[in-house]
Amino acid sequence: MIKIIDQKISQEELAALCQAHFDTMVKFVADVVRGCLAVGGELHADAETLLLEDGSAQSDLWGGNFYPWNPPQQRLEYTSFINIRPADDNSDMEIRDEAVRRHVESLVERLLLSQDETMGPLSL
């Protein structure tokens, strides 16, 4: 289950997306130009493909992982195989460009869970 979102989802939806594959985390791909996320699924590449089919440009897509039950400063990882793009000056799995990282963080906080929000109890 992968969902493209451009508006904030509920904590219940976020929990369901997490628990569909990894229980305590969810993979996402951010389109930093369109301002949307593809959230869920087993592989970042699947969410990337969905966004590409929906009109996104490859150079605008960046992957990461989100752990909503972690403390705010430990929720976001900027790591994905889809981020390995030497042509876009990113030669490893982690997003290196600070401006891109801030944009991804802003999208995640606006659409998934802000820094001042906490998730309800985790029920596995």
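Author: One term before we start: partly exposed means a relative accessible area between the buried limit, under 20%, and the exposed limit, over 50%. Also, this is a predicted model.

Reader: Fine. Is Asp23 buried, exposed or partly exposed?

Author: Asp23 is partly exposed, because its relative accessible area is 36%. The residue is in the loop between α1 and β2.

Reader: What is phi of Asp23 near?

Author: Near 65 degrees, a positive value in a residue other than glycine. Most residues other than glycine have a negative phi.

Reader: What about Asp89, what is its phi?

Author: Asp89 has a positive phi too, about 60 degrees, and is not a glycine. It is in the loop between β5 and α3 (98-111). Asp89 is exposed, because its relative accessible area is 69%.

Reader: Which residue follows α2?

Author: Gly55 follows α2, with a positive phi near 110 degrees.

Reader: Staying with α2, which of its residues are buried?

Author: His44, Ala47, Glu48 and Leu51 are the buried residues of helix α2, which covers residues 44-53. They lie on the same side of α2, because they cover an arc of only 105 degrees around the axis.

Reader: Why would residues three or four places apart point the same way?

Author: An α-helix has 3.6 residues a turn, so residues at that spacing point the same way.

Reader: And what do the buried residues of α2 pack against?

Author: They pack against β1, β2, β3 and β4.

Reader: On to the sheet. What is the strand order?

Author: The order is β1-β3-β2-β4-β5, in an open sheet of five strands with antiparallel pairing. The edge strands are β1 (2-5) and β5, and each pairs on one side only.

Reader: How many bridges join β1 to β3?

Author: Four, and the two strands run antiparallel. Lys3 stands opposite Val39 in β3.

Reader: Where does α1 lie?

Author: Helix α1 (residues 11-19) lies across β1, β2, β3 and β4. It runs at about 115 degrees to β2.

Reader: Rings next. How many aromatic pairs?

Author: The count is zero.

Reader: What sits over the ring of Trp62?

Author: The charged end of Arg85, 3.9 Å from the ring centre.

Reader: Last one. Where is Pro71?

Author: Pro71 is in the loop between β4 (61-66) and β5 (76-77). It is partly exposed, because its relative accessible area is 37%. Its C-alpha atom is 15 Å from that of Val26, 45 residues apart along the chain.

Note on methods: Residues are numbered from 1 along each chain as its sequence is written. This is a predicted model: local features need pLDDT of at least 70, side-chain atom pairs count only at pLDDT 80 or more; totals for chains, interfaces and linings use all residues. Side-chain values use heavy atoms; hydrogens and water are left out. Buried means under 20% relative accessible area, exposed over 50%, partly exposed in between (1.4 Å probe, protein chains only). Two strands pair if DSSP finds at least two bridges between them. Contact means heavy atoms within 4.5 Å. Axes are lines fitted to C-alpha atoms, for helices over the stretch in contact, and angles run from 0 to 180 degrees between N-to-C directions. Rings of Phe, Tyr and Trp (its six-membered ring) pair if their centres lie within 6.5 Å; planes under 30 degrees apart count as stacked, over 60 as edge-to-face and the rest as tilted. A charge sits over a ring if NZ of Lys or CZ of Arg is within 6 Å of the ring centre and within 35 degrees of the ring normal. The arc is that of the directions from the helix axis to the C-beta atoms.
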